[in-house]
Amino acid sequence: QVQLVESGGGLVQAGGSLRLSCAASRIIFSLNAMDWYRQASGKQRELVATISSGSRTNYADSVKGRFTISRDNAKNTVYLQMNSLKAEDTAVYYCSVQLYPGSRFWGQGTQVTVSS
């Protein structure tokens, strides 16, 4: 069973920074694209950032220029560096991987709270 374990969430003031980490196991990490999603209270889960196996990246418009996704294949870990945080970034952040269509796995989530 795929395991994804997020860490690094917390409470930060607006304008501050946080770095989330997601450690993956039981997958061939280097071969898979990795995603970060978030879900704010009362809202649908949304895709925040994606990094391909070749380290190409894509971002939601709402975080472009502020968030950076990266990966360390030697550590089976994907990161999300979040700068210039805003109150609207408050959400539970999830690491996710889709091994093949219809087979998506999720971490347990980590809470990010930005105080204004």
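Helices (H or I, at least four residues) and strands (E, at least two) are taken here as DSSP runs, numbered from the N terminus. In those terms the protein has zero helices and eleven strands, and its elements run β-β-β-β-β-β-β-β-β-β-β from the N terminus on. This is a predicted model, in which local features need pLDDT of at least 70 and side-chain atom pairs count only at pLDDT 80 or more, whereas totals for chains, interfaces and linings use all residues. Residues are numbered from 1 along each chain as its sequence is written, and side-chain values use heavy atoms, with hydrogens and water left out.

**Overall dimensions and packing**

- The radius of gyration, which is taken over C-alpha atoms, is 13 Å for the protein, and this agrees with the value near 13 Å that a compact globule of 116 residues would have; the globule rule behind that comparison is 2.2 Å times the number of residues to the power 0.38.
- Taken along the principal axes, the box filled by the C-alpha atoms of the protein is roughly 40 × 25 × 25 Å.
- Of the 116 residues, 42% count as buried, where buried means under 20% relative accessible area, exposed means over 50% and partly exposed lies in between (1.4 Å probe, protein chains only).
- Among contacts (heavy atoms within 4.5 Å) between residues at least 6 apart in sequence, 53% join residues at least 24 apart.

- Strands β1 and β3 run antiparallel and are joined by five bridges, and L4 stands opposite A24 in β3.

**The disulfide**

- The structure holds one disulfide, a term that denotes a pair of cysteine sulfur atoms within 2.5 Å, and this one joins C22 to C95 with an S to S distance of 2.1 Å.
- The pair links distant parts of the chain, since C22 lies in strand β3 (residues 18-25) and C95 in strand β9 (residues 91-100), 73 residues apart.
- The link of C22 and C95 is left-handed, with -75° about the S-S bond, and both C22 and C95 are buried.

**Strand β11 and its partners**

- Strand β2 (residues 10-13) runs parallel to β11 and is joined to it by four bridges, with T113 in β11 as the bridge partner of L11.
- Strands β9 and β11 pair in the antiparallel sense over three bridges, and V92 stands opposite Q111 in β11.

**The surroundings of T110**

- T110 is placed in strand β11 (residues 110-115), and T110 counts as buried because its relative accessibility is 10%.
- Leaving aside neighbours within four places in sequence, T110 is in contact with E6, S7, G8, G9, L20, A91, V92 and Y93.
- A polar atom of the T110 side chain lies 3.2 Å from the backbone nitrogen of G9.

Definitions and conventions. A polar contact is a pair of N or O atoms within 3.5 Å; within protein, one must be able to donate a hydrogen and the other to accept it, and residues adjacent in sequence count only if both atoms are side-chain atoms. Two strands pair if DSSP finds at least two bridges between them.
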